[in-house]
Amino acid sequence: MKNTITIASKEFKSYLTSPMAYVVTGIFLVLTGVFFGISPATYDETSIRGFLETGGIILLLLASVLTMRLLAEEKKMGTLELLLTAPLRYSEVVLGKFLGSLGILVVMLFLTFYYPVLLFIFGDPDMGPIVTGYLGLFLLGCTTLSVGIFASSLTSNQIVSAVVAGGILFALWFVGVAASYLPQAAAEVIGFFSLSQYFPDFMRGIIDTRGIIYYLSITILFLFLAIRSLENSRWS
Amino acid sequence: MIRVENLTKYYGKRLAVDNISFNVEKGEIVGFLGPNAAGKTTTMRILTGFLAPTRGNVYVAGYDVITHSLEARQHIGYFPETVPLYTDMTVRNYLDFSAKLRGMEKNRIKSRIDEVVEICHLEEYIDVIIGKLSKGFRQRVNVAQTIIHEPDVLILDEPTVGIDPIQVSMTRQLIRELGKERTVLLSTHILPEVSITCERVIIIHEGKIVAEDSIKNLSSIVSGSQRIRMEVQGPSKKIAERLRQIKGIIRVSYEDSRFIIECTVGQDPRSQIMEAIVQGGWTLLSLDTMEMSLEDIFLKLTTEEETVQ
């Protein structure tokens with residue numbers, strides 16, 4: 001656990017010293033800010049749905065970019081050799097990297113708090129959907145980061161990592177849309193695996209345990225795959 | 001401290017290390033000598049737990065590096081050949097990070113960083129970002145990282161490659177210093193380096209151990225025959241003829257306007273050569289003994305083995 005925290009804090013600090021985290025956070029704030037500003041939901045319902053709807057999709061893209069260097073760069077620079085010859089478990093390495101990037105995500109979400117604050121100043125928004133909306137976005141964020149770390153563990157090329165992560169994430173997001181063309185029984189089954197399936201509930205203020213379990217299990221699955229992929233490099 | 005038993009490593013179908021076994025006792029400095037791609041780095045990566053062996057057992061400080069990898073790694077200080085460092089960190093932050101990962105106690109880390117920075121002469125650069133340091137200084141940071149947690153076993157993969165001669169001798173000095181209390185396995189492809197720093201040498205070639213001996217015995221292998229290179233002004237055929245008459249000279253050849261003279265072991269015919277040249281009325285321009293190169297040794301060791309078989 002101590003090692004995980006050491007790595008997490010090193011990763012977090014290293015994000016802060018490189019332009020990447022600032023660019024990603026900046027783009028996230030500009031894009032979600034614009035959609036929050038022009039969305040009718042902001043004015044008609046005094047809700048943050050305009051921000052959440054776009055925020056989800058933008059996260060898929062930005063998380064792939066944010067996580068692409070985590071393991072791929074270590075492989076390319078050879079520093080993975082230092083990390084894996086120190087008395088560390090593979091799981092501590094992966095979990096540390098995950099928590100480090102999660103730190104940036106939390107900062108990113110924290111910086112959007114002024115959207116609901118504006119609503120409170122100029123209107124009387126419903127508190128429930130705001131809280132659950134943030135919870136949904138946070139859970140979705142965990143999932144996207146874990147997929148990104150898994151992609152980063154596969155290659156020493158950061159671009160390849162970002163593309164693979166983006167590919168997996170968009171496939172998981174749109175699989176629900178694609179499923180709607182299938183017979184209803186099949187569509188329902190496939191829909192269970194879709195990243196976008198549970199997100200609308202969180203925006204409406206509903207906490208669905210299925211949604212929480214879904215996001216957490218996908219996160220754990222991809223972190224597990226990343227650990228296995230790292231272990232595998234030892235046997236090459 | 002290090003025990004390797006029948007270690008074999010394949011990369012896919014390519015055989016990198018072929019059934020090697022050796023021991024390194026506590027407090028020994030052992031040189032691991034071999035040309036490029038001999039399997040030195042692969043063996044060291046297996047010792048440090050970065051790679052897993054295809055077959056065989058490896059123990060470091062009594063721990064199996066496969067089943068008790070974490071305990072084994074705790075005892076190892078590893079200097080990777082590629083000098084991998086986090087270029088966006090300062091020297092201090094990097095050493096702090098390395099020390100924490102090796103499980104050092106918090107209040108000990110600060111004073112230990114000061115110690116290793118002094119040992120490696122990095123005082124002025126402690127708050128510089130590693131990416132801005134030159135190759136030689138990065139090498140020193142890598143050394144500092146290797147010894148920060150006071151490991152019992154040091155595994156150094158070509159620690160003197162790519163740095164200037166002053167730093168090379170400094171690094172060798174440091175290795176000898178460290179070797180007083182610790183076990184050191186040092187890989188290199190530079191022959192003299194081994195005789196300067198190590199007590200014992202393991203020679204590896206194409207994944208196999210071709211010789212394992214003390215430095216004293218190795219040098220007798222090396223001096224199995226001696227060669228002299230000489231430049232003389234005068235008629236080359238006549239000179240060569242005269243030289244062949246000198247006792248102790250086996251062969252004289254003439255290439256690139258230089259004579260290469262091979263002599264039997266223990267004989268030093270240089271004074272006779274001088275005499276002959278003066279008597280002949282020729283002019284000696286240069287004369288030096290040729291050191292046996294690593295390739296010559298491998299050639300010698302491998303061919304000798306074949307004749308024995």
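Predicted model: local features only at pLDDT ≥ 70, side-chain atom pairs only at ≥ 80, totals over all residues.
Two strands count as paired when DSSP finds at least two bridges between them.

Look for strands E7 (residues 153–157) and E8 (residues 183–188) of chain B: five bridges join them, and the two strands run parallel.

Chain B has an open sheet of six strands, ordered E6-E7-E8-E3-E9-E10, with mixed pairing. At its edges lie strand E6 (76–79) and strand E10 (208–214) of chain B, each of which pairs on one side only. Going from one strand to the next, the twist averages 15°.

Two helices to look for next pack on this sheet. Helix H1 (residues 40–47) of chain B touches strand E3 (29–33), E7, E8 and strand E9 (200–205) of chain B, and its direction makes about 150° with that of E7(B). Helix H5 (residues 135–147) of chain B touches E6 and E7 of chain B, with a direction that makes about 165° with that of E6(B).

Finally, turn to the place where the chains meet. Chain A brings 19 residues to the contact and chain B brings 21 residues. On the side of chain A that touches chain B, helix H1 (2–17) and helix H6 (79–85) of chain A are the elements that give two or more residues. What kinds of residues make up that side of chain A? Seven are nonpolar, nine are polar and three are charged.

Conventions
Residues numbered from 1 in each chain as written. Chains lettered and ligands numbered in written order. Helix = DSSP H or I, 4+ residues; strand = E, 2+ residues; numbered from the N terminus. Axes fitted to C-alpha atoms, helices over the stretch in contact; angles between N-to-C directions. Contact = placed C-beta atoms within 7 Å. Nonpolar A, V, L, I, M, F, W, Y, C, P; charged D, E, K, R; others polar.
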